[in-house]
Amino acid sequence: MNILVTGGAGFIGSHLVDRLVADGHRVAVVDVLATGTRANLNPQAALYEIDIRSPALAAAFEAAQPVAVYHVAAHASVSESVRDPMHDAEVNVLGTLNVLQQCAAYGVGRVVFISTGGALYGEPEFLPPDEGHPVLPLSPYGASKAAAETYVRTLCPLSGIRYTILRPGNVYGPRQDPFGEAGVVAIFANAMLRGERPTIFGDGSHERDYVYVDDVVQANVLALAQEEDGVYNIGTGEGTTVSQVFDALAGATDYDGAPEHAAERPGDVHRIYLDVRRAEQRLGWRASVSLEEGILRTVNAMREVEEHAE
């Protein structure tokens, strides 16, 4: 089928595009290349270098004629959202609204929206939070994703569009930007491979649900086949501390140094891991890649990139 992926040259989006192309779909990508790169882009996918906030987005829909849309593009940094909540809302809320309006105008049948499970629930009232847990974000990023979810749930039924909302935990894997402010696995791995000391914000006890990118892609593929609307947590159901991630990466990279520590960042949740039983029961999905295996794959991929760059 004809599928359009926003953010398809980014971290999660590019892996999703690769899978969709491999499955035989005709894929169009909308990506302004703010954080995504041409190197990530599958050569069989058509690229429309358009900001999701722009009226020009209609041209991509006109050309691609998608029957399904994956909305992956987002401003995805908690710390940057705290510094500039207006920009965060413009991309994540107004950008999502523009995507949904084009979906309605061009008769799209299904939308899969990538939200967040790591930032949406805030400091959870109970662990692990299920999809019915109150939405109490601590950051503008979490708030903008919550608002975007509300628009998806409101506008899609008005236009006869089926929707699936996926709330992934902390996604990691190859192609994650090691120079940004989000993505601790990529940031730590890059520093260790260069012999530099990674920085842990806080004492290392912050706990997250780290889920490998291929598992997230599989959830996206299963969402495409759903006949009903739905909201799903996507994670491992297990919490891992930043210190544990550091130790696992140190083993994979042969790094024998100690981390630096800095003050905790505003907006960061201290402890979160997700109840994923609904995804298991209704999507038939379960994370299959262990943290150890996922970290090894990530480090090996980063080493290959370095070797090709030399």
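**View 1. Strands E2 and E3 pair side by side in this predicted model.**
E2 and strand E3 (residues 46-48) run parallel and are joined over 3 bridges.

**View 2. Strand E1 joins E2 in the parallel sense.**
Strand E1 covers residues 2-6 and is linked to E2 by 5 bridges. Within this pairing, Leu4 is partnered with Ala28 of E2. Between the two strands the chain passes through helix H1 (residues 11-22), and this β-α-β crossover from E1 to E2 is right-handed.

**View 3. Strand E1 also pairs with strand E4.**
E4 consists of residues 68-71 and is connected to E1 by 4 bridges, again with the two strands running parallel. Here the bridge partner of Leu4 is Val69 in E4. Leu4 therefore has a partner in each of two strands, Ala28 in E2 and Val69 in E4, under the general rule that strands of a sheet pair through backbone hydrogen bonds.

**View 4. The open sheet has 7 strands.**
Their order is E3-E2-E1-E4-E5-E6-E11, and the pairing is parallel. E3 and strand E11 (230-234) are the edge strands, each pairing on one side only. On average, neighbouring strands of the sheet are turned by 20 degrees against each other, direction ignored.

**View 5. Helices H5 and H7 lie against the sheet.**
Helix H5 (residues 140-158) packs on the sheet and touches strand E5 (110-114) and strand E6 (162-168). The direction of H5 makes about 165 degrees with that of E6. H7 lies across E1, E4, E5, E6 and E11. Relative to E5, H7 runs at about 155 degrees.

**View 6. Helices H1 and H7 cross.**
The axis of H1 and that of helix H7 (residues 213-224) come within 9 Å and cross at roughly 60 degrees. That angle makes H1 oblique to H7. The crossing of H1 past H7 is right-handed. On the H1 side, the meeting residues are Phe11, Ile12, His15, Leu16 and Arg19. On the H7 side they are Val213, Asp214, Val216, Val217, Gln218, Asn220 and Val221.

**View 7. His15 sits in helix H1.**
Is His15 buried or exposed? Its relative accessibility is 12%, so His15 counts as buried, the cut-off for buried being under 20%. Apart from neighbours within four places in sequence, His15 is in contact with Pro174, Arg175, Val213, Asp214 and Val217. Among these contacts, Val213, Asp214 and Val217 are also listed where H7 meets H1.

**View 8. Arg175 has a positive phi.**
Arg175 is found in the loop between strand E7 (170-172) and helix H6 (184-193). Its phi is about 80 degrees, although Arg175 is not a glycine. Most residues other than glycine have a negative phi. With 35% relative accessibility, Arg175 counts as partly exposed. Arg175 is one of the contacts of His15.

**View 9. Ile52 lies in the loop between E3 and helix H2 (57-64).**
A relative accessibility of 6% places Ile52 among buried residues. Leaving aside neighbours within four places in sequence, Ile52 is in contact with Thr6, Val30, Leu57, His71, Ala73, Val91, Gly95, Asn98 and Val99. Ile52 and Ile3 are 49 residues apart in sequence, and their C-alpha atoms are 16 Å apart in space.

**View 10. Gln65 occupies the loop between H2 and E4.**
Gln65 is not a glycine, yet its phi is positive, at about 50 degrees. The relative accessible area of Gln65 is 38%, which means that Gln65 is partly exposed.

**View 11. A cis peptide bond leads from Leu127 to Pro128.**
The omega of this bond is near -10 degrees. Most peptide bonds are trans. Pro128 is found in the loop between E5 and H5.

Notes: Residues are numbered from 1 along each chain as its sequence is written. This is a predicted model: local features need pLDDT of at least 70, side-chain atom pairs count only at pLDDT 80 or more; totals for chains, interfaces and linings use all residues. Side-chain values use heavy atoms; hydrogens and water are left out. Two strands pair if DSSP finds at least two bridges between them. A crossover is right-handed if, with the strands pointing away from the viewer, the path from the first strand over the helix to the second runs clockwise. Axes are lines fitted to C-alpha atoms, for helices over the stretch in contact, and angles run from 0 to 180 degrees between N-to-C directions. Angles under 35 degrees count as roughly parallel, over 145 as roughly antiparallel, 65 to 115 as roughly perpendicular and the rest as oblique. A crossing is left-handed if the near helix is turned anticlockwise from the far one by less than a right angle, and right-handed if clockwise. Contact means heavy atoms within 4.5 Å. Buried means under 20% relative accessible area, exposed over 50%, partly exposed in between (1.4 Å probe, protein chains only).
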